[in-house]
Amino acid sequence: MSQANIKEIIKQEYIKCATDPVHFFRKYCYINHPTKGRVLFHLYPFQEEVLNDFRNNRFCIINKSRQLGISTLVAGFSLWLMLFNKDKTILCIATKQETARGMVEKVQFMYENLPSWLKGNQKPISNNKLSFQLANNSRIVATSAASDAGRSYAVSLLLMDEAAFIEGVDKIYTSIKPTIATGGGAIALSSPNGVGNWFHRMYSEAEIGKNDFKAIKLPWHLHPDRNANWEERERANMSTREFAQEYDCDFLGSGNSVVEPDLLSFYEETYIQDPVERRFMGGDFWIWQYPDYSKSYIVCADVARGDGSDYSAFHVIDTATCEQVAEYKSQIDTRTYGNMLVSVAAEYNNALLVVENANVGWDVIQTIIEKDYPKLYYSPRAYGEMHMDKWLDKLEKDQTVPGFTTSAKTRPLVISKMESYIREKVFIFRSKRLLEELRVFIWQNGKAQAQGGYNDDLVMSLGIGLFTRDTAMKFYEQGMDLNRAVVSNINRTGYIGPSTPVGFQNPYTINDGRGGFEDISWVLG
């Protein structure tokens, strides 16, 4: 074969590599296999599809199983982009700088093992552990996750490895986005890490076309070497949550939710339904059951802090069946909210009205007091192992406060009560809004709270209501009235004894302050 023919063959092959990343990768990209050493990367069909997705879409987000070779695939695509384009800057961000550096090392290894005619004049002019730059001024740079990562670069392609686990990735992406908006792109890849985080939000939006990302899902069974026997072995060595995270691409099963995802799926399939009526401005008050005047109810309310970042929310709960019958969530001024609570509580058979009293909650409570609502819940100034004698002593010494007091002591109790009611399927709820809040209500740094960017107003108001119901029932069994409003400014008769007038030997009567007695058995429902 003549020298001219050889040059023409190389020229055509070079052109094919430059125009087809799959061909380039399949024939010329070597990897350093952990057990086999230097080997040509054999592309599976799903990997070829992903490479074509990289080429055809500026933005790709990949929800992937572990050990599918996707990080290596991204490295090969990065090399292809650098080799056949000038002035490209690829920025790789990961949870740790060491992880990001691994991407650079893969690119370096692939480059070093290319044939000389493919390297051409593109010799490295910078080659270290954190960056690799070719003579055409194209480069890949590794950096750790920081809110200002990438601000000093004009980024052509942003790589976010294990994006679901990068702390502050939303701020990082926001800071870099302007530099890629005029023609650059991004690839975010990760196994899932629960719901509510940036990766989950962007992937979910990509699936329904609400952002520019191409959503790519790569579960474990796409790998041709994995079958039912492989799955059985892996599951035997992992928890359900671990397998969901590492292999199933399951957002719900992978997170650290306070309420187990399987339970939430059960509620979604069994109880969740549209309300029969939407009321008030904006239709934010949802009703599933109208008042039954033979029943008793609790209205449990959380009040927005007032900074515009959260919502006021309340539930109406049937105390006997422990069923959600109505719900509200919106942003509203405190006085209007107080009037609304009185109106709804009165409609639902003068329900026990429990309002969280932190922050601007006092404004709402003051409105309720001004309206003379008779069944506003009062709580003791300090919770502990309470008995009837202690409770009466607090009432007599005026050691109670209007509303429900959430403190470092009561908050874990409220959350625990809410979780146990749902886990044991005692509480029935029908709200899609509550379901979505529960899905992003997670354990984070030892504290149960809404994931960043989400709210837990419905969750906390529910917990307060269920805790109150449970605590109230405990005291009712001891013959006590937990409603401070009923005993306010009234002298209690004390314990029932032989001198108690016949006709008033009812453990649920109190002195009405006018020489008579009032039956308060309504608190028992």
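The legends below describe close-up views of a predicted model.

**Figure 1. Overall content of the predicted model.** The protein has 525 residues, of which 52% count as buried. Its secondary structure comprises 19 helices and 22 strands. Considering contacts between residues at least 6 apart in sequence, 66% link residues at least 24 apart.

**Figure 2. An open sheet of 8 strands with mixed pairing.** Read across the sheet, the strand order is β5-β6-β7-β4-β8-β9-β3-β10. Strands β5 (124–127) and β10 (214–218) form the edges, each pairing on one side only. On average, and with direction ignored, neighbouring strands of this sheet are turned by 15 degrees against each other.

**Figure 3. Parallel pairing of β4 with β7.** Strand β4 covers residues 89–94 and strand β7 covers residues 139–144; 6 bridges connect the two. T89 has R139 of β7 as its bridge partner. I93 is bridged to T143, also in β7.

**Figure 4. The hairpin of β6 and β7.** These two strands pair in the antiparallel sense, with 3 bridges between them. F132 lies opposite I140 of β7. There are 4 residues between the strands of the hairpin, and N137 adopts a positive phi near 75 degrees.

**Figure 5. Packing of α2 against α4.** Helix α2 consists of residues 21–28 and helix α4 of residues 70–83. Their axes are 10 Å apart and the packing angle is about 110 degrees, so the two helices are roughly perpendicular to each other. The crossing is right-handed. From α2, the contact involves P21, F24 and F25; from α4, it involves T72, L73, G76, F77, L79, W80 and L83. Sorted by class, the contact of α2 with α4 contains 8 nonpolar and 2 polar residues, and no charged residues.

**Figure 6. Packing of α3 against α4.** Helix α3 spans residues 45–56. The axes of α3 and α4 are 11 Å apart and meet at an angle of about 45 degrees, which means that α3 is oblique to α4. Here too the crossing is right-handed. On the α3 side, the contact residues are F46, Q47, V50, L51, F54 and R55. Their counterparts in α4 are I70, L73, V74, F77 and W80. By class, the contact of α3 with α4 comprises 9 nonpolar residues, 1 polar residue and 1 charged residue.

**Figure 7. Residues of α4 facing α2 and α3.** L73, F77 and W80 of α4 are among the residues in contact with α2. L73, F77 and W80 are also among the α4 residues that meet α3.

Technical notes. Residues numbered from 1 in each chain as written. Predicted model: local features only at pLDDT ≥ 70, side-chain atom pairs only at ≥ 80, totals over all residues. Heavy atoms only, no water. Axes fitted to C-alpha atoms, helices over the stretch in contact; angles between N-to-C directions. Parallel < 35°, antiparallel > 145°, perpendicular 65-115°, else oblique. Left-handed = near helix turned anticlockwise from the far one by under 90°. Contact = heavy atoms within 4.5 Å. Nonpolar A, V, L, I, M, F, W, Y, C, P; charged D, E, K, R; others polar. Pairing = 2+ DSSP bridges. Buried < 20%, exposed > 50% of the residue type's maximum accessible area, 1.4 Å probe, protein only.
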